[in-house]
Amino acid sequence: MQLLPGSARIPMVSLSALLLLLCCATEAHNITSILAKNPEFSTFNHYLTVTHLANEINLRETITVCAVDNPGMSDLLAKGLSVYAIKNVLSLHILLDYFGAKKLHQITNGTALAATMYQATGSAPGASGFVNITDLKGGKVGFGAGGNDGELTATFVKSVEEIPYNISVIQISKILPSEEAEAPTPGPSEQNLTALMSAHGCKVFADTLVASDAQKTYEDNLEGGLTVFCPMDDAFKSFLPKYKNLTADGKLSLLLYHGIPVYQSLPLLKSSNGVMNTLATDGAKKYDFTVQNDGEVVTLKTKIVTARITGTLLDEQPLGIFTIDKVLLPKELFKAEAPAPAPAPAPEADAPTTKKSSPPAPVSPAEAPSEDPADQKADDNGSVRYNGGRFVALLLSSSLVLLVL
């Protein structure tokens, strides 16, 4: 087989690699850009941004957005709902499955119950976080909020844009009414910070916060923006002996070290790698750490330890609360542990000496013993032991012959 010269093979390899990348690439979507091409959805698009739902939609791989035009959004805004209640209502219009125009008209058994982003929040009671989709006579498709006695209050209007099995943006005739979604919802700054942490695996940290002056500092920063990194119970519980050995000022600084005085959503943390000041930062006392990410994994790195974000308790302007797997240790309070010295090499033992015995003198063929090799027995060390009596008799016979000569 004739091989191609190196200069000819390189372009072929590069082309193959390029084709592989193109085949493996997935088409990302941006709901803001999609809706921006359709001015009739400008109000809907605006509130997806204000409520941070746009970021959540862009992070999903399979999703359907049921957009409503500007007159339909005016009916919703006329109710005077808070931005947090509006977020719940719009979350009900984001289906966690792909429904293109073709699929809507080919629903199995003519009806489907689709989970929504409102259901994913965990705050939707009963079936209120689902949407009923039904294929109706005359080519129509009806939509209705779950828990609404099966009433279909809106219909499919048109497909706006489809990226098959990734995102489908469709228009429905009006906002889906839902008493549960429209109910007054406390904003993040109105929530009990420590109660929220206690209920989601950070009780030890939350209790320690309540017992200190750090709680007031956290609460004072809620309105302007706050991000909290709370260690999970197992991590903080094992750290408590070290915490108790700190001075009162050290304890306060350590607790404040787990908060930053600005709101950082998870997408922002993934994109804004670098040094972050904390609530404990005070002039020359930096009390900072470095945010890094590797794909979807976000880590917080101090000079002493690296912690990983393991979950999201709350991520709504102006408050973000994230769980971490380790307690953050600032270099201002702790010293990095020196690596353990390598063990000294063991002294070399004197090599055992073995006394070598001289090999037996060669024997001529005429003088060689007549026994088969099987007659030779191995001793315990694996050497060959000769039949001594016959060997001595042979020597005596040889000596007698010499004397006669």
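Which residues have the most contacts inside the largest nonpolar core?

**Figure 1. The largest nonpolar core and a second, separate core.** The residues with the most contacts inside the largest core are Met197, Tyr218, Phe229, Leu254, Leu269, Phe289 and Ile321, and this core has 47 residues. A nonpolar core is a set of buried Ala, Val, Leu, Ile, Met, Phe, Trp, Tyr and Cys residues joined through side-chain atoms within 4.5 Å. Buried stands for under 20% relative accessible area, exposed for over 50%, and partly exposed for values in between, with a 1.4 Å probe and protein chains only. Apart from neighbours within four places in sequence, Met197 is in contact (heavy atoms within 4.5 Å) with Cys202, Lys203, Phe205, Ala206, Leu209, Val228, Cys230, Leu313 and Ile321. The second, separate core has 46 residues, among them Ile57, Val89, Ile94 and Tyr118.

The model is predicted: local features need pLDDT of at least 70 and side-chain atom pairs count only at pLDDT 80 or more, while totals for chains, interfaces and linings use all residues. Residues are numbered from 1 along each chain as its sequence is written, and side-chain values use heavy atoms, with hydrogens and water left out.

**Figure 2. The whole protein.** The protein has 16 helices and 16 strands. Both are DSSP runs numbered from the N terminus: helices are H or I with at least four residues, and strands are E with at least two. Of its 405 residues, 36% count as buried. The accessible surface of the protein is about 23900 Å², and carbon and sulfur atoms hold 56% of that surface. Accessible areas come from the Shrake-Rupley method with a 1.4 Å probe; for residues, only the protein chains shown count as cover. Among contacts with a separation of 6 or more, 60% are between residues 24 or more positions apart.

Figure 3. Helix α13 covers residues 233-244. Its 12 residues should span 16 Å at 1.5 Å a residue, and its end C-alpha atoms are 16 Å apart, which agrees. The expected span is 1.5 Å times one less than the number of residues in the helix. Ala235, Phe236, Phe239 and Tyr243 are buried in α13. Down the axis, the buried residues of α13 fall within an arc of 75°, so they line one face of the helix. That arc is taken from the directions from the helix axis to the C-beta atoms. The face turned away from the buried side carries the exposed residues Asp234, Lys237, Ser238, Pro241 and Lys244. The buried residues of α13 pack against α11 (203-210), β8 (226-231) and α14 (248-256).

**Figure 4. Helix α14 and what covers it.** Gly250, Ser253, Leu254, Leu255 and Leu256 are buried in α14. The cover over these buried residues includes α11, α12 (214-220), α13 and β9.

**Figure 5. An open sheet from β2 to β3.** Its 7 strands have the order β2-β1-β7-β6-β5-β4-β3, with mixed pairing. Two strands pair if DSSP finds at least two bridges between them. The edge strands β2 (94-95) and β3 (111-115) each pair on one side only. Strands β5 (residues 141-145) and β6 (residues 154-163) are antiparallel and pair over 2 bridges; Phe143 has Ala154 in β6 as its bridge partner. Thr153 lies in the loop between β5 and β6. Thr153 counts as buried because its relative accessibility is 19%. Leaving out residues up to four places away in sequence, Thr153 touches Phe143, Gly144, Asn148, Lys174, Leu176 and Pro177.

Figure 6. Strands β11 (residues 289-294) and β12 (residues 297-301) run antiparallel and are joined by 5 bridges. In β12, Leu300 is the bridge partner of Val291, and Thr299 stands opposite Gln292. The hairpin of β11 and β12 has 2 residues between the strands, and Gly295 takes a positive phi near 70° there. Strand β13 (residues 306-316) runs antiparallel to β12, joined by 3 bridges. β12 and β13 form a hairpin with 4 residues between them, and Thr306 in β13 is the bridge partner of Lys301.

**Figure 7. Pro330 and its contacts.** Pro330 is in the loop between β14 (319-324) and β15 (377-378). Pro330 counts as buried because its relative accessibility is 0%. Beyond neighbours within four places in sequence, Pro330 is in contact with Leu254, Tyr257, Tyr287 and Ile304. Pro330 and Tyr257 are 73 residues apart in sequence, and C-alpha to C-alpha they are 7.6 Å apart in space.
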